[in-house]
Amino acid sequence: MKFLIVLGAALAAATTGYAQNWGGNISANLGFGSVSADSSTDTIDGAYSRYGVNGSVGFALGGNFGVQLDAGYEAANTSSDDYYEASAFTLHANMPLGGFTVGAFYGFGTGDHPYDSDYGDVSWYGVEAASILGQGTIAAQLGLMDSASSHSSLDYSSAFFANVEYRYFINDNFMLRGNAGFGNFLAHGDPGTGILLAADATYGLGRNFYLTAGVRDFIVTNDGEGSYNDLSAHIGITMAFGGNGSLRDSMASTPMIATMLPSLVAVASSAVD
């Protein structure tokens, strides 16, 4: 519901004259994966299925200032257990500076691990930049995140995270994208790290619809509580809107990284508890 409210408000602003130029995309996907966990990790160990929906919209406010709004939700489970549920909502404000687009962001979401009956609220903020590079665009963000979990030993503040993403356009309606990021956390006072590696391809089907397929690897380590590796693949449908109707134009309206990394790190802090 939050996803629909946030994205709907952004679309309303973009289509009622508040925005001069706008564009964005929304995707729905299904996936499957497998977790390989050591014996001290309190999470699933084996295959699971996943579904999710996410979207971004960006618009110019005049005076070279721009806004981007992201929203996402995903959940995963096995045939017998719920694995995790995560959401993320992020507001970006940016402006051009030389050959870059620079700005700041603030986000909030949830990182729930029902397998271990842990439920977490997360917020994050930081700075970011994006620029045209070759046949695509590169973006990076650096931020801090705070998490409060129903498990008192998993609360942490001012945890660090970073992301970098490159979008390569083979043509106006065919994009390859790669992303790498990491974030840290504490579990019972022991420091841990979540590393997120992802790649996907988006190909035009016609009438602003696109086929998306990708892979993701989430690698979690902790000094005292265990570690696991979550490798998954997904396929989905993306709809692009705004601009001149091409995927390249819609992505140009949303140059910053839409991340769920802080929410996934909150899940990880419970999984290695």
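Me: Starting with Tyr73, is that residue buried, exposed or partly exposed?
Reply: Tyr73 is partly exposed, because its relative accessible area comes to 25%, and partly exposed covers what lies between under 20% for buried and over 50% for exposed. Bear in mind that this is a predicted model.

Me: And which ring does Tyr73 form an aromatic pair with?
Reply: Tyr73 pairs with Tyr51 in a tilted arrangement, with 6.3 Å from centre to centre and 50° between the planes. The pair links distant parts of the chain, since Tyr51 belongs to strand S2 (residues 46-62) and Tyr73 to strand S3, 22 residues apart.

Me: What about the accessibility of Tyr51?
Reply: Tyr51 has 40% relative accessibility and therefore counts as partly exposed.

Me: How many aromatic pairs does the structure hold, and which residues form a cluster?
Reply: There are eight aromatic pairs in the structure, and Tyr48, Tyr83 and Tyr84 come together as one aromatic cluster.

Me: Switching to the fold, how many strands close into the barrel, and in what order?
Reply: The barrel is closed by 12 strands, which follow one another in the order S1-S2-S3-S4-S5-S6-S7-S8-S9-S10-S11-S12 with antiparallel pairing. From one strand to the next, the twist averages 20°.

Me: Which helix packs on that sheet?
Reply: Helix H3 (residues 261-271) does, and the strands it touches include S3 (65-77), S4 (82-97), S7, S8 and S12 (228-242). The direction of H3 makes about 45° with that of S9 (174-187).

Me: Where do S7 and S8 lie in the chain, and how many bridges pair them?
Reply: S7 covers residues 136-149 and S8 covers residues 156-171, and the two are paired in the antiparallel sense over 11 bridges. Within that pairing, Thr137 has Arg167 of S8 as its bridge partner, while Ser147 has Tyr156 of S8.

Me: And how many bridges pair S8 with S9?
Reply: S8 and S9 are antiparallel partners over 10 bridges, and they form a hairpin with two residues between them. In this pairing Tyr168 stands opposite Leu176 of S9.

Me: What does the hairpin of S10 and S11 look like?
Reply: Two residues lie between S10 and S11, and Arg207 in the turn has a positive phi of about 55°. The strands themselves pair in the antiparallel sense over 14 bridges, with Phe218 in S11 as the bridge partner of Leu196.

Me: Which residue takes a positive phi in the hairpin of S11 and S12?
Reply: That is Gly226, with a positive phi near 125°, in a hairpin that has five residues between the strands. S11 and S12 pair in the antiparallel sense over 12 bridges, and Phe209 has Met239 in S12 as its bridge partner.

Definitions and conventions
Residues numbered from 1 in each chain as written. Predicted model: local features only at pLDDT ≥ 70, side-chain atom pairs only at ≥ 80, totals over all residues. Heavy atoms only, no water. Pairing = 2+ DSSP bridges. Helix = DSSP H or I, 4+ residues; strand = E, 2+ residues; numbered from the N terminus. Axes fitted to C-alpha atoms, helices over the stretch in contact; angles between N-to-C directions. Contact = heavy atoms within 4.5 Å. Phe/Tyr/Trp six-rings, centres within 6.5 Å; stacked < 30°, edge-to-face > 60°. Buried < 20%, exposed > 50% of the residue type's maximum accessible area, 1.4 Å probe, protein only.
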